[in-house]
Amino acid sequence: MTGETLDPHLRLSAERVRMGKIRPESISVRLLLARVGSDLRLLTTVGEPEDRRALDRLRQVAARTTASIRASLHGLRTEGLVPNVRFETAETPVAPLQKLYLLNTTDVLTGYYEVIRRRVVLDSSDEIEVHDILGLGSPLHHHSVAGERPDPESVAVVDSAQRWYEHAWANAEPSRTG
């Protein structure tokens, strides 16, 4: 949805690179975000669907997260620690119902978003109740095709996820936040 879960993991990995614990030759991240507009009905103010503040908050989270990921990755390149870094973002008009991470064409992490009602504090200090998507802390399921004899179900999941993502990416619009 916003990259909020991915951001701290990438920052921790960047620190591992800086400490010399890992030495990747390249890093490529493609972040597919939901386009936040009036048609995104999941993230609305409870009882006031025309109130735009919940969507504005989501837009701000996505912009802040995307900027943080970009800075972490480009910092590694600028510091000469990773020679090849690529970061791209795109937007899709579809509100995701699950998060999906594809790693090195061999691993998939996926987890379902939970739609919940909760109170949030806006930058203006106003507190509102929203229909939100619980992404941070949602359990992730791992599938891998690495190794000599991968599980057939994992092979099917990784292949299907890769095809779905490539199709979604090909039909997405370049992101305004990327």
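This is a predicted model: local features need pLDDT of at least 70, side-chain atom pairs count only at pLDDT 80 or more; totals for chains, interfaces and linings use all residues.
**Entry 1: the three-stranded sheet**

I began with the strand order and found an open sheet of three strands, β1-β2-β8, with mixed pairing. β1 and β8 are the edge strands, each pairing on one side only.

I then took the pairings one at a time. β1 (residues 26-34) runs parallel to β2 (residues 84-92), and nine bridges link the two. On the β8 side, two bridges join β2 to β8 (residues 173-174) in the antiparallel sense. Here glutamate 91 is opposite glutamate 173 of β8. I noted for reading the faces that side chains in a regular strand alternate between the two sides of the sheet.

**Entry 2**

Next I went to the hairpin made by β3 and β4, which has three residues between its strands. In the turn, asparagine 104 has a positive phi of about 55°. β3 (residues 98-103) and β4 (residues 107-112) are antiparallel and share six bridges.

I returned to β1 and β2 to see what lies across them. Helix α3 (residues 152-170) does, running at about 70° to β1.

I looked for aromatic pairs and found two in the structure. In one, the ring centres of tryptophan 164 and tyrosine 165 are 6.5 Å apart with planes at 55°, so I logged the pair as tilted. In the other, tyrosine 165 and tryptophan 169 have centres 6.1 Å apart and planes at 20°; planes under 30 degrees apart count as stacked, so this pair is stacked. Trp164, Tyr165 and Trp169 make up one aromatic cluster.

I asked what separates tyrosine 165 from tryptophan 169 along helix α3. They are four residues apart in the helix, which means about one helical turn.

Are tyrosine 165 and tryptophan 169 buried or exposed? Both are buried. For tyrosine 165 the relative accessible area is 10%, and the cut-off for buried is under 20%.

Last, I checked for a charge over these rings. The charged end of arginine 30 sits over the ring of tryptophan 169, at 4.9 Å from the ring centre.

Key
Residues are numbered from 1 along each chain as its sequence is written. Side-chain values use heavy atoms; hydrogens and water are left out. Two strands pair if DSSP finds at least two bridges between them. Contact means heavy atoms within 4.5 Å. Axes are lines fitted to C-alpha atoms, for helices over the stretch in contact, and angles run from 0 to 180 degrees between N-to-C directions. Rings of Phe, Tyr and Trp (its six-membered ring) pair if their centres lie within 6.5 Å; planes under 30 degrees apart count as stacked, over 60 as edge-to-face and the rest as tilted. Buried means under 20% relative accessible area, exposed over 50%, partly exposed in between (1.4 Å probe, protein chains only). A charge sits over a ring if NZ of Lys or CZ of Arg is within 6 Å of the ring centre and within 35 degrees of the ring normal.
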